[in-house]
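Trainee: I have just opened this one and would like a walk through it. Could we take it slowly, with the terms explained as they come up?
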Amino acid sequence: MQREYNSIMLLVHAGAGSGMGGKLAPQATEALRTLYTSAEFEVIETKGKEHIREVGCTTEADLVICLSGDGCVHDLAQSLLARPRDNRPTLASIPAGSGNDYARSLGIPSDCMKAIALLPVCEPLMVDVGRVNDTYFLETLSFGMDAAVAINTEKLRLSTQSRGIRLYARAAIKSIIHEFNELQATMKINEETHTLSTYILAIQNGPTYGGGFRVAPFASIVDGMFDVYTVSGIGKLKALYYLTKLKDGKHVDLKEFSSYKTSKLELEFAEQPPAQCDGEKLTGQRFSVSLLPAELKVLASSEASIGQMTK
């Protein structure tokens with residue numbers, strides 16, 4: 001049964017996916033107007049991070065639909081989550097970016113028109129949100145090699161026009177060859193303190209990063225817990241091999257990987273590490289990470305990452 005909304009805002013990031021957002025916008029707008037004929041409908045094209053956050057703070061729409069990649073959704077979430085809990089619109093994601101990992105966790109198809117056709121039968125779902133220091137994240141927080149890969153992914157996207165797993169794989173190979181450095185860190189988790197020497201430290205709310213790499217294949221966006229992975233004791237050649245395992249989540253039983261379940265942790269690094277959340281660069285050496293359960297209302301399909309997979 002289709003849910004009715006009094007007002008809908010379509011937020012378009014025209015530059016998402018090397019211009020894919022702008023190309024899809026006219027067709028997406030027409031399709032959404034046809035689906036939601038009784039709603040007041042507004043289309044806004046983003047003008048940068050500050051504009052996105054301003055829109056999130058001031059919109060009076062019942063439903064905000066992002067035609068964008070993960071970065072725009074991440075920026076919008078910062079302002080939505082700053083609003084009083086009972087004054088937040090429902091968030092929907094139509095993927096048009098390079099990675100689209102959060103839309104994937106919501107069970108939204110990567111094809112724009114299929115995603116739009118599915119929206120009316122998607123159910124509102126209260127999902128978990130991560131927080132690192134003063135920043136919210138929806139899908140992923142990571143340090144080390146995978147963060148370096150995320151940063152290089154953006155550079156390669158601009159120069160190669162690639163998208164998705166292909167883009168991430170190219171960035172990963174480049175990072176492993178040129179930036180293969182082990183992190184030294186202290187991690188306080190589940191009332192225990194661990195001294196780490198690790199190449200990757202991934203803290204996942206959803207199962208994927210990098211356009212579909214299943215780093216945390218059992219993660220759920222509604223279970224009130226992060227899935228945390230670290231990897232140590234590998235060289236460059238083995239790292240390249242493990243990249244193929246990581247793509248399909250087949251790394252979880254390998255001895256070099258350690259995993260944890262937690263709702264909060266504290267991290268301190270010996271030196272400032274490469275760091276990212278939802279693909280956005282972070283800086284610092286000390287990080288306080290916590291999970292906010294059932295904090296944000298989103299539209300999700302029956303294919304959402306809500307814990308169907310078990311070990």
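Mentor: Let us begin with a term: a residue is called buried under 20% relative accessible area, exposed over 50% and partly exposed in between, using a 1.4 Å probe and protein chains only. By that rule Cys 66 is buried, because its relative accessible area is 0%. This is a predicted model, in which local features need pLDDT of at least 70 and side-chain atom pairs count only at pLDDT 80 or more, whereas totals for chains, interfaces and linings use all residues. Residues are numbered from 1 along each chain as its sequence is written, and side-chain values use heavy atoms, with hydrogens and water left out.

Trainee: Okay, stepping back, how many helices and strands does the chain have?
Mentor: The protein chain has 8 helices and 16 strands, where helices (H or I, at least four residues) and strands (E, at least two) are DSSP runs numbered from the N terminus. Of its 311 residues, 56% are buried.

Trainee: Which helix is largely enclosed by the rest of the structure?
Mentor: That is helix H3, residues 70-80, since 11 of its 11 residues are buried. The buried residues of H3 include Asp 70, Cys 72, His 74, Asp 75 and Gln 78.

Trainee: And which residues have the most contacts inside the largest nonpolar core?
Mentor: They are Leu 11, Ile 65, Leu 67 and Leu 119, in a core of 52 residues. A nonpolar core is a set of buried Ala, Val, Leu, Ile, Met, Phe, Trp, Tyr and Cys residues joined through side-chain atoms within 4.5 Å. Apart from that core lies another, of 23 residues, among them Leu 141, Phe 143, Leu 183 and Leu 291.

Trainee: What does Leu 67 touch?
Mentor: Not counting residues up to four places away in sequence, Leu 67 touches residues including Leu 11, His 13, Leu 24, Ile 94 and Cys 112, with contact meaning heavy atoms within 4.5 Å. Thr 46, in the loop between S2 and helix H2 (49-58), is in contact with Leu 11 too, and also with His 51 and Cys 72, among others. At 12% relative accessibility, Thr 46 counts as buried.

Trainee: Changing topic, what is the strand order in the open sheet of 6 strands?
Mentor: The order is S12-S11-S10-S7-S14-S15, with antiparallel pairing. Strand S12 (257-262) and strand S15 (280-281) stand at the edges with a single partner strand each, so one side of each has no neighbour in the sheet. Two strands pair if DSSP finds at least two bridges between them; strand S10 (residues 200-204) and strand S11 (residues 226-231) are joined by 5 bridges, with Gln 204 opposite Asp 227.

Trainee: How many bridges pair S8 with S9?
Mentor: Strand S8 (residues 183-189) and strand S9 (residues 192-198) pair over 7 bridges in the antiparallel sense. They form a hairpin with 2 residues between them, and Asn 190 in the turn has a positive phi of about 50 degrees.

Trainee: Last topic, how many aromatic pairs are there?
Mentor: The whole structure has 5 aromatic pairs. Rings of Phe, Tyr and Trp (its six-membered ring) pair if their centres lie within 6.5 Å, and planes under 30 degrees apart count as stacked, over 60 as edge-to-face and the rest as tilted. Tyr 5 and Tyr 36 make an edge-to-face pair, 6.2 Å centre to centre with 70 degrees between the planes, and both are buried. Phe 143 and Phe 287 form a tilted pair, 4.8 Å centre to centre with 55 degrees between the planes. Phe 143 lies in strand S7 and Phe 287 in strand S16, so this pair ties together parts that are 144 residues apart in sequence.
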